[in-house]
Amino acid sequence: MLRKEAPRCYQEFSDEDCGRASVSYQHSTDAAQDQDEASCDATADEDVLDNNQISTAFNKACVKNVFTVILVLIYLLLSAVAVFLAYQTISDFLEKLSHPVMSVSYKEVEEFAPPGIALYPGKAQLLSCQHHYHDYIPPGLTGQSKENDCVIEQVIYSDPYANHTRHALVVEGPTDVRNRELIFLQFSQNETEEDFSAISYMLFAQFSDMTESSDKAAFMRDCERNYSMWTFSGGFRTWVKMSLVRTSGRGNESVEFRQESNVVKYNDRRPPQEQTNELFFVVFQWRDPFIQQVKDIVTANPWNTIAILCGVFMALFKAADFAKLSIKWMIKIRKRSRRAKIREMNQIS
């Protein structure tokens, strides 16, 4: 009996050990499988996270690149506008510099310097030259010679435009504009063969310029070249009201006389035998106590132009620096994206 139970017992113990070994092996196999599955799941999650991070970084880089390109285009547009503004500013400055604006002002004076009145009577004879005041001329014009109270000089010179001699009577003009001083001249002319009878005259700035000149003939030739000629007819009283205009600009100064004249017919009461001598009457007077001054003013301000150009060039330099930095930043971003792609390929491989 004892011998029979011993092997059974050995068999039972051996079966239990085998069962335990099989169970422990199964548990170890399941644990290893679970660990492998967990590691695979973690690796998959890490791959998903890496892919999301790479796509997010790529999207941000694209947005930054697009934004940088837009900024560069905007700055290029602003630079083009700045260049056009600089060109327009320089063009406007040169245009204003070559075409100055005329400024007109009026200067009031108490009296004028006596102008020079050059008369060319030809065959006519001076009867009288008198000063009067307050626009009053005494009546009783009989065509007879009277005493002169004017300063008169006779100048003979050669005509600057024709080959003949000119005889000029130069009279000192009125000065007292407040009391309306005037000069009244009478001329008489015998029968003439000319179709029209008139006496020419010329006005120049100052009578003293002629008297103080060393060569009066040359002075009168120059005046005839530079000043205009007017005429008054016989049988009428011509009232000439003068005004003075001074023009200055670009280093040159000129004096010009402007005049207003009105003509009144002379009622000749002389006997018929004396009416063959034609009479000329002329009055010279200042119109008002103002001198018109015309100046050429250059409206182009160089300091404003320089300031605008400085601002334009500063904007251009800033735009160039920004474009340079933006391009460098784009190149840097592209290098980073390339490195990220290389890392991704290395991880995949």
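**View 1. Salt bridge between Asp222 and Arg225 in the predicted model.** The side chains of Asp222 and Arg225 meet in a salt bridge, with 3.0 Å from N to O. The term salt bridge stands for a side-chain nitrogen of Lys or Arg within 4 Å of a carboxyl oxygen of Asp or Glu. Asp222 and Arg225 are about one helical turn apart because they are separated by three residues in helix α3 (residues 216–226). Helices (H or I, at least four residues) and strands (E, at least two) are DSSP runs, numbered from the N terminus. Asp222 is partly exposed at 39% relative accessibility, and Arg225 is partly exposed at 45%. Buried means under 20% relative accessible area, exposed over 50%, and partly exposed in between (1.4 Å probe, protein chains only). This is a predicted model, in which local features need pLDDT of at least 70, side-chain atom pairs count only at pLDDT 80 or more, and totals for chains, interfaces and linings use all residues. Residues are numbered from 1 along each chain as its sequence is written, and side-chain values use heavy atoms, with hydrogens and water left out.

**View 2. Salt bridge between Asp159 and Arg166.** The side chains of Asp159 and Arg166 form a salt bridge at 3.7 Å, N to O. Asp159 is buried, at 11% relative accessibility, and Arg166 is buried as well, at 18%.

**View 3. Other salt bridges.** Asp288 pairs with Arg287 in a salt bridge whose closest N and O atoms are 3.1 Å apart. Arg287 is partly exposed, at 34% relative accessibility. Glu108, Glu110 and Arg178 are linked in a salt-bridge network. The whole structure has 10 salt bridges.

**View 4. Nonpolar core around Phe284.** The largest nonpolar core has 26 residues, and those with the most contacts inside it are Leu119, Leu185, Phe187, Phe232 and Phe284. A nonpolar core is a set of buried Ala, Val, Leu, Ile, Met, Phe, Trp, Tyr and Cys residues joined through side-chain atoms within 4.5 Å. Its largest share, five residues, comes from β11. Among the residues that Phe284 touches, not counting those up to four places away in sequence, are Ile117, Leu119, Tyr201 and Val240. Contact means heavy atoms within 4.5 Å.

View 5. Val66, Ile70, Ile74, Tyr75 and Leu78 form a nonpolar surface patch with about 430 Å² of accessible area together. Patches are made of residues with over 30% relative accessible area and no salt bridge, with like charges joined within 9 Å and nonpolar side chains (Val, Leu, Ile, Met, Phe, Trp, Tyr) within 5 Å. Accessible areas come from the Shrake-Rupley method with a 1.4 Å probe; for residues, only the protein chains shown count as cover. Tyr75 lies in helix α1 (residues 2–98) and is partly exposed, at 31%.
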